[in-house]
Amino acid sequence: MRIIVEPRVIWSVARQSIPVLLVALLMGILAGQMLNLASSIVLVPWVLFSIPVVNGIGGNLGTILGARLSSALHLGSLEARLDGKTLEDELLTGLTLGIITYGSLALISLGVAPVLGVEMPVNLVRLGVLIAFSGLLLTFVVLAISMLSAIYSFKFGLDPDNVVAPLTASSGDIAGIMCIILALQVVGI
Amino acid sequence: MRISRSVLRQSYPFLFATGLGQMVAGLLFGGMENYLREAPGLIVLIPSMIGLRGNIGSALACRLGTATHLGFVSSEQIWNDRSRSEIWTSIVLSTFLSAMAGAVAYLSCLALGVEHISLGFFMLISTATGVIAGTVLSFMTLSIIFYADKHGADPDNVAAPALATAADIITLGVLFLVIIASGVVS
């Protein structure tokens, strides 16, 4: 089978993705300005090292919960309400997943980061505490964003599958950087 | 209340593996410290560059995955009009939106009145990274689809998560090289 693709087709794909990508772009610039404003505490190798780890896992956690909630909403096993046992179980599972993932990565990072040659803080443990603590904070934020966006998009007749993932990923980046800056106040700079 | 063990069992290994991949991205980000210090405002660009590539890459993976399921693309027919136009679209999007990210990063620095590098450097660095990283990632997506289809795996389960992590690492790696080559920091 030979499919002839005209420039028209390319444009139609581009046109559909551009609005979502523009929103992601603006949220990304906002996240970038936060990093820039906090550059005096953030521009340190081991802090920069932890940013992709914390944000990457946060985005994935939110996407996993969002995908599970939207499937459950579509299947009817979950009602579009903020209470109920199914929702509680899902949130508790997401929280547990966040705690064990960030906990184990925080431990592993103490071994991996020095081996990779990342310039470490004087007190090595601070890297682990930073990842674990900001990760825990971010887990709560990301679970809330993906729960609210899944339930309310479904309530308003939108397909959560199209809404939750891009929304969680881009707002998760901003929230992640805020959590890291907050956690740095606790860990010490 | 009940915690679902099966969800933990299925998701934890995947999350842990992406976490290890993110450590490589973190290593690259940490390595840029001196450049970010000496080129004020450059850090503004980084989250959106990473985010854009992740979005464009996973959308391409999903679209090529669907095309595989529909029989338009397969391991025997990997380089045809359909896959070519998907790849072309994603490279065009990556270039166009990266150039915009450079301009928006510059404007946001102007608006906030913070110290920043010139518009020319912002746009050179963002556009060059967009073209190079976009091209590398597009062909990488196509190879993942090729191998998944050849070995009878469902590309939908493999390509998008693998791409999301690879996008972070490759974008930061290309960005690093482009920053050095641009001469923004002597």
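I started with chain B and counted 6 helices and 0 strands (helices are DSSP runs of H or I, at least four residues; strands are runs of E, at least two; both are numbered from the N terminus). This is a predicted model, where local features need pLDDT of at least 70, side-chain atom pairs count only at pLDDT 80 or more, and totals for chains, interfaces and linings use all residues. Residues are numbered from 1 along each chain as its sequence is written, with chains lettered from A and ligands numbered from 1 in the order in which they are written.

**Both chains, overall**

Read along the sequence, chain B goes α-α-α-α-α-α. Its C-alpha trace spans about 50 × 50 × 30 Å along the principal axes. I then checked burial: 54% of the 186 residues of chain B count as buried (20 or more other C-beta atoms within 10 Å of the residue's own; 12 or fewer is exposed, in between is partly exposed, and C-beta atoms are placed from the backbone).

For chain A I also got 6 helices and 0 strands, in the pattern α-α-α-α-α-α. The C-alpha atoms of chain A fill a box of roughly 60 × 50 × 35 Å along the principal axes. Buried residues are 49% of the 189 in chain A.

Next came contacts (C-beta atoms, placed from the backbone, within 7 Å). In chain A, residues 24 or more positions apart account for 79% of the contacts with a separation of 6 or more. For chain B, 81% of the contacts between residues at least 6 apart join residues at least 24 apart.

**Where the chains meet**

I found 50 residues of chain B in contact with 50 residues of chain A. On the chain B side, helix 1, helix 2 (33-38), helix 3 and helix 4 (81-112) each supply at least two residues. Helix 1 of chain B gives the largest share of that side, 15 residues.

The axes of helix 3 of chain A and helix 1 (residues 5-31) of chain B come within 7 Å and cross at roughly 150 degrees (axes are lines fitted to C-alpha atoms, for helices over the stretch in contact, with angles from 0 to 180 degrees between N-to-C directions). That makes the two helices roughly antiparallel (the cut-off is over 145 degrees). Among the residues meeting there are A:Trp46, A:Phe49 and A:Ile57 from chain A, and B:Leu15, B:Met23 and B:Phe29 from chain B.

**Core**

The largest nonpolar core has 114 residues, and A:Leu25, A:Ile131, B:Leu45, B:Ala101 and B:Ala105 have the most contacts inside it (a core is a set of buried Ala, Val, Leu, Ile, Met, Phe, Trp, Tyr and Cys residues joined through C-beta atoms within 7 Å). Helix 5 (residues 125-155) of chain A gives the most to this core, 14 residues. Beyond four places in sequence, I see B:Ala101 touching residues that include A:Leu25, A:Ile29, B:Leu45 and B:Met49.

**Helix 3 of chain B**

I noted that 20 of the 25 residues of this helix are buried. B:Gly71 follows helix 3 of chain B, with a positive phi near 85 degrees.

**A:Ala72**

A:Ala72 sits in helix 3 (residues 45-75) of chain A. Why is A:Ala72 partly exposed? Because A:Ala72 has 18 other C-beta atoms within 10 Å. Leaving aside neighbours within four places in sequence, A:Ala72 contacts A:Ser77, A:Leu78 and A:Thr86. I also logged A:Leu87, 15 residues from A:Ala72 in sequence and 9.6 Å away, C-alpha to C-alpha.

Notes:
Contact = placed C-beta atoms within 7 Å. Parallel < 35°, antiparallel > 145°, perpendicular 65-115°, else oblique.
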